[in-house]
Amino acid sequence: MTRKSERLAHRTPVTPAEYASHPVPPVAERRPVVSVLHGDRRVDEYAWLRERSDPAVRAYLEAENAYAEAVLAPVARLRDGLYDEMLARIKQTDLSVPFREGDWYYYSRTEEGKQYPIHCRSRTEGGAEAVLLDLNVLSEGKSFMSLGAKSVSDDGHLLAYSTDDTGYREYLLQVKDLRTGALLPVGIQRTGTVAWAADNRTLFYTLEDDAKRHYRLYRYDVLGGGEPELVYEEGDEAFNIAVGRTRSRAWLVMETGSHTTNETRVLRAGTPSAGWTLVAERVPEREYEVDHTGDRFLVRVNDTGRNFRVVEAPEETPGPAHW
């Protein structure tokens, strides 16, 4: 008998009688909530299910889970067998390919039996390891853990990172001193992308609204102890904001984009308190990406048709007239 036939032999057959004996699925209570927007009246009978703190929501979800377990009980052995078989083909103790940034090699690794990756670095490839973040440690006492942004300052001393322990993609931004392992007094809720300036103390980050749209960009001196400063706010609900650095590390880039249109602003990484320069204003159906090399910008843009072309532009005058 082959291994496959042995596995199939252990399957438990399911009969119509077993399906007929399943309990009745739970039915969510209807609690009508009326909202009026632009003269349009809408009734949502299940809006109450969004209230995570309502004990009735938890009770209903537990009833759904219990019903699902009951329905799937006849195939529990097969389900567990498939899980074990797939898990056996995954290399649980593994290592990502290290990449160099500054004076360090960065990588992540996983260990058998642990659910989350461990993010590390070393001075030389394969050298002594320094752990930046162990998500298994961060997840202790929590039912969920997800890493959002992760960025190290140019001098390698500070780590800005964000985590979500709810599953609702609501990320808390924190800053860790990698020399001591201590957390700085930084705790900013509902953040998105982050980028360090070249001064190793100024951090740019985006913030989301209640619709989970990243609509604000802040500048924050994490060593100064002051308040974050609002740099830009996007008023068009179709557009989201993201911030990053060019591959040359010389410029900060803020992109504001929808699904089909965007515009980009740039700022020298060494002058974080200066004003941002608009590369090209938003034009419907035009998209472009900006990067930097040497003393010029490289722009990938679809301004001449559906396909993209690559153009270059001077640092001081990056607009379309100089492409």
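This is a predicted model: local features need pLDDT of at least 70, side-chain atom pairs count only at pLDDT 80 or more; totals for chains, interfaces and linings use all residues.
Visitor: Which residue in β11 is the bridge partner of Leu-173?
Guide: The partner is Ile-188. Residues are numbered from 1 along each chain as its sequence is written, and side-chain values use heavy atoms, with hydrogens and water left out.

Visitor: In which sense do β10 and β11 pair?
Guide: Strand β10 (residues 171-177) and strand β11 (residues 188-196) pair in the antiparallel sense over two bridges. Strands are DSSP runs of E, at least two residues, numbered from the N terminus; two of them pair if DSSP finds at least two bridges between them.

Visitor: Changing topic, how are the rings of Phe-204 and Trp-276 arranged?
Guide: Their centres are 5.6 Å apart and their planes at 90 degrees, so the pair is edge-to-face. Rings of Phe, Tyr and Trp (its six-membered ring) pair if their centres lie within 6.5 Å; planes under 30 degrees apart count as stacked, over 60 as edge-to-face and the rest as tilted.

Visitor: Is Phe-204 buried or exposed?
Guide: Phe-204 is buried, at 0% relative accessible area, and Trp-276 is buried at 17%. Buried means under 20%, exposed over 50%, partly exposed in between (1.4 Å probe, protein chains only).

Definitions and conventions: Helices (H or I, at least four residues) and strands (E, at least two) are DSSP runs, numbered from the N terminus.
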